[in-house]
Amino acid sequence: MFNLFDIRKDFPILQQNLLYFDNAATSATCINAIEAMDHYYRNECFNIHRGVYSGSVKSEQKFENVRKKVMQFINAPAPENIIFTSGATDAINMLANCFLPSIGKESNIIVTELEHHSNYLPWKRICLLTGCTLKIAKCNTEGLLAQESVLALIDKNTKLVAISASSNVTGIVQELSKIIEFAHANGAKVIIDASQLCAHRKLDVERLDCDFLCFSSHKMFGPTGCGVLYGKTNILNTVLPGKVGGGMVHTVGSGDDPDVWDILPYKFESGTPALAEVIGLGATIDYLQQLNYEAVIQHEKSLTKRLVNGIRPISGIFICGGISHENERISLVSFAISGISSYDIGLLLSTHNIAVRTGNLCAQPLLGRMGLDDVLRVSLSFYNTEEEIDIFIKTLFEIIDQLQGIRHE
Amino acid sequence: MNKVMKKQEEYIEIFSHLSDEFSQFNFLINKALTEGGYKDEGLRTNVNLLKSCQSKLWFRIGLGTNGKLYLNFDSDSVILKGLLMVIKDIWEGATLKEIESSSFILMKQVMVDDLLSTKRESSITIIIQKIQQVSKDSE
């Protein structure tokens, strides 16, 4: 077990009078990250790569050391497989640009209805630009995606399969192994959006055998403005950079002559990186590595079960992804209540200092499939407590009565 | 002071006695539940829809044959509907001259403004622009 009282001290924002249940949007930043960034700005704020003075060299060493930490964190083979981005959205857009020149009209790209708009719109845009076909794997009306519905779409013309490791609406952990295997058998590449999974499960790109994987630092207790794109070496070497500029080119060709790109991973990191944020991410990984992951997962599962059991009796409730124990779920539950606006509930919860997220959660295709316009999402983390869940459930019932005009004298 | 501005002053006075966000939302909920039940057949259609990522809002705004403004609103959100009932109360029956000489000052002066997201506020802004457009269209 771990000591929740001590753990909560590591997250300054939790010291406020606030029940924070919006972790899937942005998790609380751990003190290690805050202090590392503060230290960087106060003492080591020097640009990297071409500085010939000791401060720059030291900053670069620190920066590159984070790359190694990320490599170990996701079990990647080498630091060159780790590209720093400004977040998952940036990573996917960049990747889409990388593939743009190699996608023709005969090709197809597969996405799923589960996807956050950030792993949907970049691919839709590429299809519109190239004339290639966008195939969309359908979920069922509960919001669940069967592997078979993706497998059925893969053929010899499939260039890419873009899929989330866990939905930001249902929280269900997606089965990926067969999809990756079958995509590879057909010559397609697979990109995994691990934005939601990264804060809840250990990532292992070698075991997954995915071609690309991305996530954002701010969803796993690190700073905003920083993310990671993992890519396999052979593919990264063959695709063109998705962004060009300073710091990523070896030789600029004269006139129309071809440019010679820098080696991996610098070929994909144009401009000055988010140095402080990357260093903050490194400190975050140090923090996460000393946690007992098994205890974390068990605690989050227990919280989620308590939450689901508490809200299940609500009349007219629809829990996205259902409540079957067969489906593994991260600590995230979205729901809609018939006849009551999620937005209203969210606003009223905020008056009780309870922070949740409402709306379409940037997942309109999935909400459309479930026949919903908006939902309320409660996303928990390992620093949340059973007491917080109980307060939330009690408050939620009171708010439902309030919105239905039921008065308790 | 014209009727529109006078009504806004009245609401600012009401909201000033509602000391926290909870009381203000409660006021809006009660307003929606007690005054929002009127029927406007055909209001809830796509042509009248203002869609945001948070909640749907349907509206009909125009000038009646009597030369006065009419406004009908509906929303899935009770709180938003309450706010729209306030706007309806302020502007309904306004003449073109009153529309031209009025600005919307209520939102900036009440606490509920802090809790309504920028996107929702922009929906309210669009509604106010539609009201002002009625006046411009008649020129």
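Colleague: In this structure, how are Phe11(A) and Tyr383(A) to be described, as buried or exposed?
Modeller: In this predicted model, Phe11(A) is buried and Tyr383(A) is buried as well, a word that stands for a relative accessible area under 20%.

Colleague: How many aromatic pairs does a search of the whole structure find?
Modeller: Over all chains, the search finds 13 aromatic pairs. One of them joins Phe11(A) and Tyr383(A), whose ring centres lie 4.7 Å apart with the planes at 55 degrees.

Colleague: What is the pair of Phe46(A) and Tyr53(A) called, and how do you know?
Modeller: This pair is edge-to-face, with 5.8 Å from centre to centre and 80 degrees between the planes, an angle to be set against the cut-off of over 60 degrees.

Colleague: How do Phe46(A) and Tyr53(A) count by relative accessibility?
Modeller: Phe46(A) has 32% relative accessibility and Tyr53(A) has 40%. Buried would require under 20% and exposed over 50%, so Phe46(A) counts as partly exposed, and so does Tyr53(A).

Colleague: Why is strand S5 of chain A described as largely enclosed by the rest of the structure?
Modeller: The strand covers residues 158-164, and because six of its seven residues are buried, it is described in that way.

Colleague: Which way does S5(A) run against strand S3 and strand S6 of chain A, and how many bridges join them?
Modeller: S5(A) runs parallel to S3(A) with three bridges, where Asn108(A) stands opposite Thr158(A), and it pairs with S6(A) in the parallel sense over five bridges, where Ser164(A) stands opposite Asp193(A).

Colleague: What lines the second largest pocket, and what is its make-up by class?
Modeller: The pocket holds about 560 Å³ of space, and its lining consists of 24 residues, with Ala165(A), Val173(A), Gln174(A), Glu175(A) and Leu176(A) nearest its centre. By class, this lining has 13 nonpolar, five polar and six charged residues.

Definitions and conventions:
Residues numbered from 1 in each chain as written. Chains lettered and ligands numbered in written order. Predicted model: local features only at pLDDT ≥ 70, side-chain atom pairs only at ≥ 80, totals over all residues. Heavy atoms only, no water. 1 Å grid on protein atoms, 1.4 Å probe; cavity = no way out; pocket = protein on both sides within 12 Å on 5 of 7 lines; lining within 4 Å. Points joined across faces, edges and corners; volume = space filled by probe spheres on them. Nonpolar A, V, L, I, M, F, W, Y, C, P; charged D, E, K, R; others polar. Buried < 20%, exposed > 50% of the residue type's maximum accessible area, 1.4 Å probe, protein only. Helix = DSSP H or I, 4+ residues; strand = E, 2+ residues; numbered from the N terminus. Pairing = 2+ DSSP bridges. Phe/Tyr/Trp six-rings, centres within 6.5 Å; stacked < 30°, edge-to-face > 60°.
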